[in-house]
Amino acid sequence: MRAVFQTAVRLLFPSRCVGCGALVESDFALCAQCWRETPFIGGTVCDACGAPLPGADEAVRVECDDCMATPRPWARGRSAMLYRDKGRALVLALKHGDRPEVARLAAPWLARAARPLLRPDLLVAPVPLHRFKLLRRRYNQSALLARALAEQTGLEHCPDLLLRRRATASQDGRSAAERFANLDGAIAVHPGRKARLVGRPVLLVDDVMTSGATLAACAEACRQAQSGEVFVLALARVTKDH
Ligand SMILES: [Zn+2]
Ligand SMILES: [Zn+2]
């Protein structure tokens with residue numbers, strides 16, 4: 001009976017590729033072509049941001065030029081894919097296209113990228129969105145990603161660990177230095193969540209890492225509130241040369 005019902009549902013609501021809408025076998029999946037066009041990151045990566053690097057010696061900690069030029073206030077970081085082609089399209093669909101199902105699609109990708117960062121007692125928290133933006137967009141895309149990752153890995157999720165103390169102007173079109181200045185003092189740990197954070201490792205989740213300014217402001221807020229080590233995870237990493 002249940003199988004008959006499921007077949008009927010499938011006929012009425014066939015599963016569609018999250019990337020292009022083509023018919024696929026299961027929900028929250030990509031078709032073969034979208035899969036090929038999604039630039040997943042693998043192999044040797046920068047230990048601070050997850051950008052791909054040439055070479056294969058994974059025993060040595062390596063960092064990309066960006067992270068060497070701008071030392072990061074967090075311990076280690078990873079990214080699941082590059083911000084280009086289908087990777088960029090999926091992020092934009094999640095952020096501006098009202099497609100929250102992208103977060104569920106991305107959960108196993110995030111979990112795989114974050115594997116070297118995972119440890120017991122790790123608290124997962126999203127980069128916060130100011131409440132004005134939250135009203136306009138209806139959801140915080142980073143919080144959807146953080147929740148999907150927490151469900152995938154069984155880690156504890158604290159969606160309101162961090163707060164935006166003031167609305168910040170868009171980071172688009174700013175230089176890296178301007179992006180860091182724009183975020184100065186804008187993010188703080190929720191006063192009611194400080195006790196949960198003290199001494200505890202944190203994994204901060206964002207949709208895109210560009211200059212790293214937002215994640216740096218979040219990491220600094222956690223460290224000031226006496227957190228343990230801070231790790232970061234982005235769904236997509238913007239790089240100059242990929
Ligand atoms: Zn597709
Ligand atoms: Zn890096």
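**Figure 1. Helices α4 and α5 are oblique to each other in this predicted model**. Helix α4 spans residues 85-96, and its axis lies 10 Å from that of α5, at an angle of about 135°. Angles over 145 degrees would count as roughly antiparallel and 65 to 115 as roughly perpendicular, so the pair is classed as oblique. On the α4 side the contact is made by L90, A93 and L94, and on the α5 side by V102, A103, L105 and W109. By class, seven nonpolar residues make up this contact of α4 with α5, with no polar and no charged residues.

**Figure 2. Helix α5 crosses helix α7**. Helix α5 covers residues 101-114 and helix α7 covers residues 141-153. Their axes come within 8 Å and cross at roughly 60°, which makes α5 oblique to α7. The crossing of these two helices is right-handed. From α5, the residues in contact are A103, A106, A107, P108, L110 and A111. Their partners in α7 are L144, L145, A148, L149, Q152 and T153. The contact of α5 with α7 has ten nonpolar and two polar residues by class, and no charged ones. A103 of α5 is listed both in the contact with α7 and in the contact with α4.

**Figure 3. Four cysteines coordinate the zinc ion (ligand 1)**. The donors are the SG atoms of C17, C20, C31 and C34, at 2.3 Å. Angles among the four donor atoms run from 106 to 113°, and the arrangement is therefore tetrahedral. Along the sequence, the donor residues follow the spacing C-x2-C-x10-C-x2-C. The pair C17 and C34 links distant parts of the chain, 17 residues apart. C17 sits in the loop between α1 (2-12) and α2 (32-37), whereas C34 belongs to helix α2.

Definitions and conventions:
Residues are numbered from 1 along each chain as its sequence is written. Chains are lettered from A and ligands numbered from 1 in the order in which they are written. This is a predicted model: local features need pLDDT of at least 70, side-chain atom pairs count only at pLDDT 80 or more; totals for chains, interfaces and linings use all residues. Side-chain values use heavy atoms; hydrogens and water are left out. Axes are lines fitted to C-alpha atoms, for helices over the stretch in contact, and angles run from 0 to 180 degrees between N-to-C directions. Helices (H or I, at least four residues) and strands (E, at least two) are DSSP runs, numbered from the N terminus. Angles under 35 degrees count as roughly parallel, over 145 as roughly antiparallel, 65 to 115 as roughly perpendicular and the rest as oblique. A crossing is left-handed if the near helix is turned anticlockwise from the far one by less than a right angle, and right-handed if clockwise. Contact means heavy atoms within 4.5 Å. Ala, Val, Leu, Ile, Met, Phe, Trp, Tyr, Cys and Pro count as nonpolar, Asp, Glu, Lys and Arg as charged, and the others, Gly among them, as polar. Donors are N, O and S atoms within 2.8 Å of the metal (3.2 Å for Na, K and Ca); water is not among the atoms, so sites may look incomplete. Four donors count as tetrahedral if all angles lie between 85 and 135 degrees; four count as square planar and six as octahedral if opposite donors are over 155 degrees apart and all others between 65 and 115; anything else is irregular.
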